[in-house]
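Please have a look at the structure first, and then we can walk through it.

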Amino acid sequence: MDPVKVGLLGLGTVGGGTVNVLQRNAEEITRRAGRGIVVTHAAARDLNKPRICSTEGITVTTTPQEVVDDPEVAIVVELIGGDTLALDLVMRAIENGKHVVTANKALIAKHGNKIFAAAQAKGVIVAFEAAVAGGIPIIKAIREGLAGNRIEWLAGIINGTGNFILTEMRDKGRDFNDVLKEAQELGYAEADPEFDVEGIDAAHKLTILASIAFGIPLQFEKAFTEGITKITREDVTYAEELGYRIKHLGITRRTDKGIELRVHPTLIPERRLIANVDGVMNAVLVKGDAVGPTLYYGPGAGDEPTASAVVADIIDVVRVLTSDPENRVPHLAFQPDSLSDLPILKMEDVETAYYLRMQAKDEPGVLADVTRILGDKGISIEAIIQKEPEGDSTEANIIMLTHTVVEKQMNEAIQKIESLDTISGEVVRIRMESLDAS
Ligand code: NAP
Ligand code: HSE
């Protein structure tokens, strides 16, 4: 049988890695897929740019529409990024009856509902394993491996760049911007690195995971997103003194009132495995009712780790080319006409515990005022430490850990604390999760 012909849109970090893996492992891949797979066409912006892969035998164009329209190409692999040109190209590929593989989480999180409906109508596959957690096969694990479970919650470190920055800052005391620059050089970061450090990329990925876990439409616009840019060295140190690590987590949980969908820095007990996931590594903790807690760990970004997921999707597509289109694994794990309308909770309705840090005048009664405000809002304190003023400063740092409370109550308490004359500046608030598997 003739090899299946693949058209690549993009020859950058992931595109280059994909060519390398397909070429290097061609023999094993053919044995697994049942047919050879060759990249025959590719698109890039600059034909003279040095590449991390060989382009011998590949027709390279600066017009990606040519790849999408080429009748020889059976599978279009979108690795350009963004959600404008990429959306047009993917919709056009589907319209042309081609199967699509993409690593583009922004595209799926924002336009997946429309893309999957079009793919369903055309009977083609849109595969996107590489869009979440780089090389970790988390989509396959949830969609297929855990298909017998009612998923209760999942929490993950799902941005490699952010975790790399936090780890280097904590372990080596490196400067934020310096580490970000290195992450960009290593090919980890998004074209706009704000997506990484402000949590947007993680929110894209979490949106996808929530849909697959709970059988709900993709609703990126309802995700709560807070990045890592405001985390200071002192918060990292105080958290560690209290037995916690700060990780940038995506958390989604089924509750009686709806679905939590949130990305923010989070204190987690340092004894949890996920608290010790460092560098560019990602990890996703999934709690199913039958299996209990399961943890998936691996590289979250980079050329070949991501290509590993892209190539697995290409192989899946090749394997099902001959199977019944009505009987394929659904895009969002649940049958399209069986998606649920569970609401996504507003952040103010979410219940969580908190780490609070505030700068207080070193005067009697300050602590009593703060604890009274918290008490009035029904917020109980789990631990408290006071750091005496250093040098010429007259202000002490008060650090508190609270028990769980609805975020709205905490917002109101923080507002009141910030209005005290004895408290200066903003109260630092970092949410805290026990990630207890019971
Ligand atoms: P990248 O290195 O910037 O590569 C993008 C590629 O697209 C480049 O080859 C670029 O051409 C090409 N391109 C951009 N605009 C084009 C246009 N108008 N016409 C033709 N080609 C165009 O990006 P990447 O890191 O590989 O990321 C690609 C996708 O994978 C993104 O959606 C990203 O979110 C996702 N992803 C990345 C990683 C990672 O670790 N990097 C991991 C998982 C998922 P030139 O090379 O000529 O500029
Ligand atoms: N920029 C992303 C990250 C790439 O650092 O996790 C992988 O999705």
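## A threonine to start with

Let's begin with a single side chain. In this predicted model, a polar atom of the Thr252 side chain lies 2.7 Å from the backbone oxygen of Glu260. Thr252 belongs to strand E9, which covers residues 244-254.

Is Thr252 buried or exposed? Thr252 has a relative accessible area of 0%, so it counts as buried. If you leave aside neighbours within four places in sequence, Thr252 is in contact with Trp153, Leu154, Leu206, Ala210, Phe214, Ile259, Glu260 and Leu261.

## The largest nonpolar core

Now for a wider view. The largest nonpolar core holds 55 residues, and Ile138, Ile208 and Val286 touch the most other members. Among the elements that give two or more residues to this core are helix H5 (105-122), helix H10 (200-214), strand E10 (259-269) and strand E11 (281-288). H10 supplies the largest share, nine residues. Because domain 1 (4-135 + 303-335) and domain 2 (138-299) both contribute residues, this core lies between them. As a general background note, nonpolar side chains in soluble globular proteins tend to be buried together.

Which residues are in contact with Ile208, leaving aside its neighbours within four places in sequence? They are Lys105, Ile108, Ala109, Phe128, Ala131, Val132, Ile139 and Leu218. Another core, of 32 residues, lies apart from the largest one, and its members include Val4, Val6, Ile75 and Val317.

## Strands that pair with E17

Strand E17 (residues 423-432) runs parallel to E10, and two bridges join them. One of the residues to look for here is Leu267, whose bridge partner in E17 is Met432.

E17 also pairs with strand E13 (residues 351-361), this time antiparallel, through seven bridges. On this side, Tyr354 stands opposite Arg431 of E17.

## Around ligand 1

Finally, turn to the ligand. There are 25 residues around ligand 1, and those that come nearest are Lys49, Arg51, Gly187, Glu190 and Gly302.

An N or O atom in the side chain of Arg51 is 2.7 Å from an oxygen atom of ligand 1. For Gly302, a backbone N or O atom lies 2.7 Å from a ligand 1 oxygen atom.

Technical notes:
Residues numbered from 1 in each chain as written. Chains lettered and ligands numbered in written order. Predicted model: local features only at pLDDT ≥ 70, side-chain atom pairs only at ≥ 80, totals over all residues. Heavy atoms only, no water. Core = buried A, V, L, I, M, F, W, Y, C linked by side-chain atoms within 4.5 Å. Buried < 20%, exposed > 50% of the residue type's maximum accessible area, 1.4 Å probe, protein only. Helix = DSSP H or I, 4+ residues; strand = E, 2+ residues; numbered from the N terminus. Domains from an automatic or database assignment. Contact = heavy atoms within 4.5 Å. Pairing = 2+ DSSP bridges. Near = heavy atom within 4 Å. Polar contact = N/O pair within 3.5 Å; in protein donor to acceptor, adjacent residues only side chain to side chain.
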